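Open the model in your viewer and keep the selection tool ready.

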Amino acid sequence: MGFGDVKFMAGMGCFLGWDGVLIAFGIACLLGSIIGLAIMLFTRDHYLPFGPYLSLGVAGVIYGRPEIMGWVDAYCRWMTHQG
């Protein structure tokens, strides 16, 4: 993660709020790891820019925030009842 990604995440925070940034970052990490592993497997290239995945995470939060928050709430309830 370079300094440009940090600046981009600061802008995301102004636009989405702290909870939206955390969700967008989680989506970006998930997509980046899946697609990055596929790219590394097939091309042997180890450089992967993170900005496009941050953008996809922001789009996911903007267009699917109620659904994502429902999944997060269900996961949190499931984790607290596992004791």
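**Stop one: the core**

Select Met12, Ala24 and Leu54: among the 13 residues of the largest nonpolar core, these touch the most other members. Such a core is a set of buried Ala, Val, Leu, Ile, Met, Phe, Trp, Tyr and Cys residues joined through side-chain atoms within 4.5 Å. Buried means under 20% relative accessible area, exposed over 50%, partly exposed in between (1.4 Å probe, protein chains only). Now colour by helix. At least two core residues come from each of helix 1, helix 2 (18-43) and helix 3 (51-80). Helix 3 gives the most, 5 residues. Helices are DSSP runs (H or I, at least four residues), numbered from the N terminus.

This is a predicted model: local features need pLDDT of at least 70, side-chain atom pairs count only at pLDDT 80 or more, and totals for chains, interfaces and linings use all residues. Residues are numbered from 1 along each chain as its sequence is written, and side-chain values use heavy atoms, without hydrogens and water.

**Stop two: Ala24**

Show what surrounds Ala24. Not counting residues up to four places away in sequence, Ala24 touches Met12, Leu16, Gly57, Val58 and Val61. Contact means heavy atoms within 4.5 Å.

**Stop three: Asp5**

Move to Asp5 in helix 1. Is Asp5 buried or exposed? Asp5 is buried, yet has no salt bridge (a side-chain nitrogen of Lys or Arg within 4 Å of a carboxyl oxygen of Asp or Glu). The nearest side chain of opposite charge, Lys7, is 11 Å away. Beyond its neighbours within four places in sequence, Asp5 contacts Phe50, Gly51 and Leu54.

**Last stop: Phe15**

Select Phe15, in helix 1 (residues 3-16). Phe15 counts as exposed because its relative accessibility is 61%.

Note on methods:
Lys and Arg count as positive and Asp and Glu as negative; His and the chain ends are not counted.
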